[in-house]
Amino acid sequence: MENYLIEYYQEIEKGNIIVGKELKSQLDFLIAELSNPKFTFDPKPGLMRINFIETFCKHTKSPFNGQPFLLELWEKALLQTAYGFKCATSGLRRFNEVVLLVARKNGKTTFIAGIDLAEFFLSSGGTDIVCASNTNDQASILFEEINNMREGSKTLRNEKYSKKNIFFIYSPKNKNKIKKLSAQSRNKDGFNIEVGCIDEVHEMTDSKVYDAIKQSQSTKLEPLIFIITTEGVVTQGFLDQKLIYCRKLIKGEITDERVLPWLYTQDSIEEIYQDQRSWQKSNPSLGSVKLISYLEDIMNKSKNDHAIKVTMLCKDFNVKQTDQGAWLEFRDLDNPAKFKIKEVQDNYAIGGVDLSNTTDLTVAILLIVKNGIKHVLMQYFMPSEVIEKRKEEDAAPYDTWVAQGLITVTQGSQNDFSLVTKWFVEMIRGHQVRPLWIGYDPWNSLYWVKEMEDAGFTLEKVRQGIYSLSEPMKQLEADLKNKLVNYNNHPIMKWNLANTQAKVDINGNIQPSKLGSKFKRIDGAVALIIAYAVLNRYKQEYEGMQS
């Protein structure tokens with residue numbers, strides 16, 4: 001009788017299949033456990049489910065819609081392992097929890113759907129099967145995939161064996177049910193769950209869904225939970241804690257004979273960029289389900305887009321990312337190029353400001369596009385009474401920058417915004433650099449806006465939110481990497497850029513945030529992004545004025 005665990009291991013040993021060190025260590029352990037007298041290995045329960053899935057289940061999504069669901073070798077090995085190990089004394093299944101970490105687009109949701117349907121049709125009567133996730137929407141996606149797979153089979157959709165209502169899929173014959181559960185479900189109690197499949201746990205901040213399933217299985221002799229997910233950006237959430245536990249198991253630091261970790265992970269970030277063959281470590285279905293061309297394309301895009309890079313490393317290679325990470329590497333933001341102000345005088349500009357009363361720096365920016373290069377003029381402002389304190393808190397040489405004329409000191413404990421107005425006026429009078437529009441965040445700027453408008457400037461509101469700043473921040477990132485932004489190697493701007501982190505939302509939008517500490521100033525970067533936002537609004541008009 002076929003043993004897919006051994007077959008999978010042998011293919012890895014031959015070098016035909018590449019896995020990361022974590023999975024290899026786990027497979028070494030499992031192969032050794034085949035000889036452990038405490039356990040027996042029965043390939044039949046896994047084979048029964050494999051045969052059911054491949055006989056009755058069909059794909060429901062393009063480009064495989066309607067085709068038989070033929071399991072990958074790694075999926076067969078996992079199923080046989082999860083169901084095959086038995087306790088020698090009791091004969092009961094050894095594992096009651098499986099943790100599968102696999103990159104997106106490797107057939108994960110389809111795999112779960114097949115498992116749930118196999119349990120529904122093969123289990124004894126009165127079995128509750130739960131498909132769960134963090135949100136109702138995600139749980140519904142899994143539930144609908146299960147139902148679509150059921151309806152795609154003439155045998156499985158026969159009403160003698162299965163029906164569906166708005167609450168669950170159920171069997172009139174043996175009373176089995178498939179239900180949905182999420183962190184948003186009002187009532188997480190009262191379930192009688194034999195098998196629970198939890199999808200995409202990376203978004204869970206706590207263990208409420210897992211706990212509800214686990215507690216409902218307290219009377220079961222052979223309960224089983226499948227936790228199947230990609231990596232995520234939630235820090236110290238449920239997945240982080242579960243993976244910490246699994247990695248201690250793999251390293252032998254703790255013992256838990258009931259949990260089966262199965263982690264498809266890379267061994268380093270460097271190998272992702274240097275060795276395309278290593279991509280299989282986190283993508284076991286690469287080439288058969290997930291396209292290599294997709295990874296090549298997204299890899300290329302990630303070189304110029306931080307949000308894509310974060311999402312790619314996290315979702316396509318299972319490299320843990322935070323939703324807030326350093327936006328730019330030093331090599332990206334470093335640009336020793338300089339220019340003299342006379343080289344950009346007699347030009348129209350786009351302005352940007354970031355205003356602060358006390359704590360932060362205030363900065364005014366002028367952006368001049370000339371010969372394809374964005375030249376940046378800037379001036380910083382800071383209250384005199386906070387310079388020494390900020391110098392110590394921020395570990396920044398504010399006194400040196402003041403002496404160099406990079407910071408205009410305003411007397412007292414608050415910034416005098418009229419000095420910002422004065423700087424813009426001086427740039428027009430002294431250098432004929434006239435801003436057509438000046439971007440600003442309307443918070444705390446009412447009186448300054450009136451003063452600027454009275455002086456003849458046109459101001460544009462740019463709120464510091466993810467939707468306003470995401471696209472201009474991405475454009476600035478690309479320009480910095482391509483050395484299309486000449487900021488005169490300004491030390492404060494360079495410091496601000498290095499301090500800036502990109503806060504990434506689930507849709508890949510980004511906005512600037514402070515890196516690690518409230519004392520890391522990012523004001524210059526914010527003002528520059530605001531200027532880019534205004535340039536986006538008036539790009540055609542600005543280019544017309546420049547020609």
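Modeller: On helix α16, the face turned away from the buried side carries Leu446, Tyr447, Lys450 and Asp454, which are exposed. The model is predicted.

Biologist: What makes those residues of α16 count as exposed?

Modeller: Exposed requires over 50% relative accessible area. Leu446, Tyr447, Lys450 and Asp454 are classed as exposed.

Biologist: Which residues of α16 are buried, and how do you know that they line one face?

Modeller: In α16, residues 446-454, the buried ones are Trp448, Val449 and Met452. Down the axis of α16, the buried residues fall within an arc of 100°, so they line one face of the helix.

Biologist: Now the charges. How many salt bridges does the structure hold?

Modeller: It holds 35 salt bridges. Side chains of opposite charge can pair when their charged atoms come close.

Biologist: Why is the contact of Lys494 and Asp334 called a salt bridge?

Modeller: The cut-off is a Lys or Arg side-chain nitrogen within 4 Å of a carboxyl oxygen of Asp or Glu. Between Lys494 and Asp334, N to O is 2.7 Å, so the pair qualifies. Lys494 sits in helix α18 (residues 491-499) and Asp334 in the loop between α12 (330-333) and β12, so the bridge ties together parts 160 residues apart in sequence.

Biologist: Is Lys494 buried or exposed?

Modeller: Buried means under 20%. Lys494 has 16% relative accessibility, so it counts as buried. Asp334 is partly exposed, at 24%.

Biologist: What do Lys86 and Glu222 form?

Modeller: Their side chains meet in a salt bridge, 4.0 Å from N to O. Lys86 lies in strand β2 (residues 85-87), and Glu222 in the loop between α7 (208-216) and β9 (224-229), so the pair ties together parts 136 residues apart in sequence. Lys86 has a relative accessible area of 14% and is buried. Glu222, at 25%, is partly exposed.

Biologist: What does Lys220 form with Glu194?

Modeller: Lys220 forms a salt bridge with Glu194, with the closest N and O atoms 3.5 Å apart. Lys220 lies in the loop between α7 and β9, and Glu194 in strand β8 (residues 193-199), so the pair links parts 26 residues apart in sequence.

Biologist: What makes Lys220 buried?

Modeller: Its relative accessibility is 18%, and the limit is under 20%, so Lys220 counts as buried.

Technical notes
Residues are numbered from 1 along each chain as its sequence is written. This is a predicted model: local features need pLDDT of at least 70, side-chain atom pairs count only at pLDDT 80 or more; totals for chains, interfaces and linings use all residues. Side-chain values use heavy atoms; hydrogens and water are left out. Buried means under 20% relative accessible area, exposed over 50%, partly exposed in between (1.4 Å probe, protein chains only). Helices (H or I, at least four residues) and strands (E, at least two) are DSSP runs, numbered from the N terminus. The arc is that of the directions from the helix axis to the C-beta atoms.
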